[in-house]
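Q: I have a structure open and have not looked at it before. Can we go through it piece by piece?

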Amino acid sequence: RRVQLELEEAWNLMRGRRRNPQTPRRGLMQLRQHMAHLITNLQIYFQVDVIEAEYRTLLTRIDAAHDFAEVERAHNTYLSALVSQTFLDVTTVSQSLSQIIQQSL
């Protein structure tokens with residue numbers, strides 16, 4: 001979310017200074033737009049498609065659990081799914097996403 005806010009602030013700064021659309025700022029504005037698009041879509045994917053979907057599954061499994069061991073297994077499965085679906089277990093992808101986010105700040 002912080003990266004998204006930083007990109008929006010960059011947009012506001014560039015937009016306020018726009019006098020000649022042919023200046024090099026146009027390229028910067030396009031780059032900012034692409035970066036914001038990527039960050040926004042990653043955020044939506046992580047929140048909606050991964051966290052919320054897996055959380056619903058977790059709650060269903062907890063409701064159906066008969067003992068603490070089943071709840072614990074459901075929680076471990078939930079955590080594993082989060083790690084897997086957010087690419088934290090794939091080093092190259094995880095590092096690439098971290099670099100993209102750092103470059104966007």
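Q: What does Val-50 touch, leaving out residues up to four places away in sequence?
A: This is a predicted model. In it, Val-50 touches Tyr-45, Leu-82, Gln-85 and Thr-86, with residues up to four places away in sequence not counted.

Q: Which residues make up the largest nonpolar core?
A: The largest nonpolar core has five residues: Val-50, Leu-58, Ala-74, Tyr-78 and Leu-82. The largest share is that of α3, with three residues.

Q: Ok, α3. Which of its residues are buried?
A: In α3, Ala-74, Tyr-78, Ala-81 and Leu-82 are buried. They sit on the same side of α3, because they cover an arc of only 100 degrees around the axis.

Q: Why would residues spaced like that point the same way?
A: An α-helix has 3.6 residues a turn, so residues three or four places apart point the same way.

Q: How far apart are the end C-alpha atoms of α3?
A: They are 26 Å apart.

Q: Buried or exposed?
A: Thr-86 counts as buried, because its relative accessibility is 16% and the cut-off for buried is under 20%.

Q: And what is around it?
A: Not counting residues up to four places away in sequence, Thr-86 touches Phe-46, Val-50 and Leu-97. A polar atom of the Thr-86 side chain also lies 3.5 Å from the backbone oxygen of Val-83.

Q: Which residue just after α3 has a positive phi?
A: Phe-87, with a phi of about 70 degrees.

Q: New topic: how many aromatic pairs are in the whole structure?
A: A search finds three. In one of them, the ring centres of Tyr-45 and Phe-87 are 6.1 Å apart and the planes are at 20 degrees, so the pair is stacked. Tyr-45 is in helix α2 and Phe-87 in the loop between α3 and α4, so this pair ties together parts 42 residues apart in sequence.

Q: How accessible are those two?
A: Tyr-45 is partly exposed, with a relative accessible area of 25%. Phe-87 is partly exposed too, at 30%.

Q: What kind of pair do Tyr-55 and Tyr-78 form?
A: Theirs is edge-to-face, with 6.4 Å centre to centre and 65 degrees between the planes. Tyr-55 belongs to helix α2 and Tyr-78 to helix α3, 23 residues apart, and the pair links these distant parts of the chain. Tyr-55 is partly exposed, with a relative accessible area of 43%, whereas Tyr-78 is buried at 13%.

Q: Which residues do ring pairs link into a cluster?
A: Tyr-45, Phe-46 and Phe-87.

Q: Which residues of α4 are buried?
A: Ser-94, Leu-97 and Ser-104 are. They cover an arc of only 90 degrees around the axis, so they lie on the same side of α4.

Q: Which exposed residues are on the face turned away from that side?
A: That face of α4 carries Thr-91, Thr-92, Gln-99, Gln-102 and Gln-103.

Methods. Residues numbered from 1 in each chain as written. Predicted model: local features only at pLDDT ≥ 70, side-chain atom pairs only at ≥ 80, totals over all residues. Heavy atoms only, no water. Buried < 20%, exposed > 50% of the residue type's maximum accessible area, 1.4 Å probe, protein only. Helix = DSSP H or I, 4+ residues; strand = E, 2+ residues; numbered from the N terminus. Arc of directions from axis to C-beta. Polar contact = N/O pair within 3.5 Å; in protein donor to acceptor, adjacent residues only side chain to side chain. Contact = heavy atoms within 4.5 Å. Core = buried A, V, L, I, M, F, W, Y, C linked by side-chain atoms within 4.5 Å. Expected span 1.5 Å × (residues − 1). Phe/Tyr/Trp six-rings, centres within 6.5 Å; stacked < 30°, edge-to-face > 60°.
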